[in-house]
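Please read the following briefing alongside the sequence and the coordinates.

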Amino acid sequence: MTAAEQVAADLASVLRHLFRDEDRRYGLDEHDRARLACHVAETQFTHPEHVATVMGWVRWGLHWTAQYRALTADETCVLAAALRVAELAEMFRLLACLADALAAEDWPEARQQWLQLGPFHAVLIGARPDLEYLTVLLQDLTTQPAIH
Amino acid sequence: MTKPQRRTPLTLIEELDIQFQARLRANHGVLLPLSASAPVPLELIEQVREEFLSVQEEEESE
């Protein structure tokens, strides 16, 4: 399974759990679920902040479920998926901040954002050959005199 | 006094998150199944919405 397929599968798993909501944890009524389903279908659900928010509901929901009963195997998988997706959403949020800083030529801020992206450096630079542009960009960034 | 008009309406996810946060607040941070949850007064939802908008306006003005 590629990384993209893994993310899609994780997201689908978390959304299925949210829509099913067997314990009625998330408080979504039928109307809310229908609106959310339309939103996901229309937007592909790629906005990092929205993704992070929904992953937060599920993480919180399963955290509290685990306080009063053992999570099922399916719930454990959903929680792991939510954590992976939330991490990725955070990476994209930081990348957006980095892009803003680069566009503004605010090198100290860009450096700060790049450092915050530390856990994802290997993914960003090494894992995908089509990220050559990003690699070049970041090399430029790290050779800026204002940063060093 | 009239409230200042917000530039963009809340997104669906923001609206649902406000409901979610209000429910958490009504239950003192604990997320229980709906059958065991305290009811969420509309006033509390409105209060959370106001706080959310206030934070967002501050961020937009920065």
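Where in chain A is the place of Asp21(A)? Asp21(A) sits in the loop between α1 (3-20) and α2 (30-43) of chain A, where helices (H or I, at least four residues) and strands (E, at least two) are DSSP runs numbered from the N terminus. This is a predicted model, in which local features need pLDDT of at least 70 and side-chain atom pairs count only at pLDDT 80 or more, whereas totals for chains, interfaces and linings use all residues. Residues are numbered from 1 along each chain as its sequence is written, chains are lettered from A and ligands numbered from 1 in the order in which they are written, and side-chain values use heavy atoms, with hydrogens and water left out.

**Loop residues of chain A**

- Asp21(A) counts as buried because its relative accessibility is 2%, given that buried means under 20% relative accessible area, exposed over 50%, and partly exposed in between (1.4 Å probe, protein chains only).
- The phi angle of Asp21(A) is near 40°, which is a positive value in a residue other than glycine.
- Glu105(A) belongs to the loop between α4 (73-103) and α5 (107-116) of chain A, and it counts as exposed because its relative accessibility is 55%.
- Between the C-alpha atoms of Glu105(A) and Thr46(A), which are 59 residues apart along the chain, the separation is 27 Å.

**Cysteines**

- Over all chains the structure holds 0 disulfides, a disulfide being a pair of cysteine sulfur atoms within 2.5 Å.
- Cys38(A) is partly exposed at 43% relative accessibility, and Cys97(A) is likewise partly exposed, with a relative accessible area of 25%.

**Chain B and its loop**

- Chain B has 2 helices and 0 strands, and 37% of its 62 residues count as buried.
- Among contacts in chain B (heavy atoms within 4.5 Å) between residues at least 6 apart in sequence, 44% join residues at least 24 apart.
- Asn27(B) lies in the loop between α1 (12-26) and α2 (42-61) of chain B, and it is buried because its relative accessible area is 9%.
- Leaving aside residues up to four places away in sequence, Asn27(B) touches Leu32(B), Ala36(B), Ser37(B) and Ala38(B).
- Asn27(B) and Ala38(B) are 11 residues apart in sequence and 6.0 Å apart from C-alpha to C-alpha, while a polar atom of the Asn27(B) side chain lies 2.8 Å from the backbone nitrogen of Ala38(B).
- His28(B), found in the loop between α1 and α2 of chain B, is exposed, with a relative accessible area of 73%, and has a positive phi of about 55° although it is not a glycine.

**Interface of chain B and chain A**

- The two chains bury about 1600 Å² between them, 71% of it on carbon and sulfur atoms, where buried area is the accessible area (1.4 Å probe) that two parts lose on being put together, summed over both.
- In chain B, Leu12(B), Ile13(B) and Leu31(B) lose the most area to chain A, together 36% of what that side buries.
- The contact takes 15 residues from chain B and 19 residues from chain A.
- Across this interface the rule finds 0 salt bridges, a salt bridge being a side-chain nitrogen of Lys or Arg within 4 Å of a carboxyl oxygen of Asp or Glu.
- The count of residue pairs in polar contact between the chains is 5, with both residues at pLDDT 80 or more; a polar contact is a pair of N or O atoms within 3.5 Å, where within protein one must be able to donate a hydrogen and the other to accept it, and residues adjacent in sequence count only if both atoms are side-chain atoms.
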